[in-house]
Amino acid sequence: MDETCQHLTYREEGDGKSFETARAFCAVTESFVQPMRADVCNARYDLDPATDCEFYFDPDAETTDGTDADGDR
């Protein structure tokens with residue numbers, strides 16, 4: 001897995017507001033996240049987004065029964 005979460009971006013505006021410093025934005029929840037959540041996204045303190053985030057999903061992951069993680073097959 002990459003060092004950082006593939007669903008994390010930093011934005012300087014959103015929700016009708018603009019910010020002096022870019023804020024962490026989760027593409028899965030489509031919301032800005034708190035700094036503590038960004039620590040998980042950035043794999044700080046030995047955290048792993050794939051195992052420590054309840055919102056993370058890997059679009060390339062497959063389940064053991066051959067379906068994808070979203071069950072779309």
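**Accessibility, elements and phi**

Reply: The protein chain exposes about 5500 Å², and carbon and sulfur atoms supply 44% of that area; accessible areas come from the Shrake-Rupley method with a 1.4 Å probe, and for residues only the protein chains shown count as cover. This is a predicted model, in which local features need pLDDT of at least 70 and side-chain atom pairs count only at pLDDT 80 or more, while totals for chains, interfaces and linings use all residues. Residues are numbered from 1 along each chain as its sequence is written, and side-chain values use heavy atoms, leaving out hydrogens and water.

Me: What makes up the pattern of the protein chain along the sequence?

Reply: The pattern is β-β-β-α-α, with three strands and two helices. Helices (H or I, at least four residues) and strands (E, at least two) are DSSP runs, numbered from the N terminus.

Me: Why is Glu30 called exposed?

Reply: Exposed means over 50% relative accessible area, buried under 20%, and partly exposed in between (1.4 Å probe, protein chains only). Glu30 has 62%, and is therefore exposed. Glu30 is placed in the loop between β2 (17-26) and β3 (31-32).

Me: How do you know that Tyr45 counts as exposed?

Reply: The relative accessibility of Tyr45 is 67%, so Tyr45 counts as exposed. Tyr45 belongs to the loop between α1 (35-41) and α2 (49-52).

Me: What is phi in Glu30, which is not a glycine?

Reply: Phi of Glu30 is positive, about 55 degrees. Tyr45, also a residue other than glycine, has a positive phi near 55 degrees. Most residues other than glycine have a negative phi.
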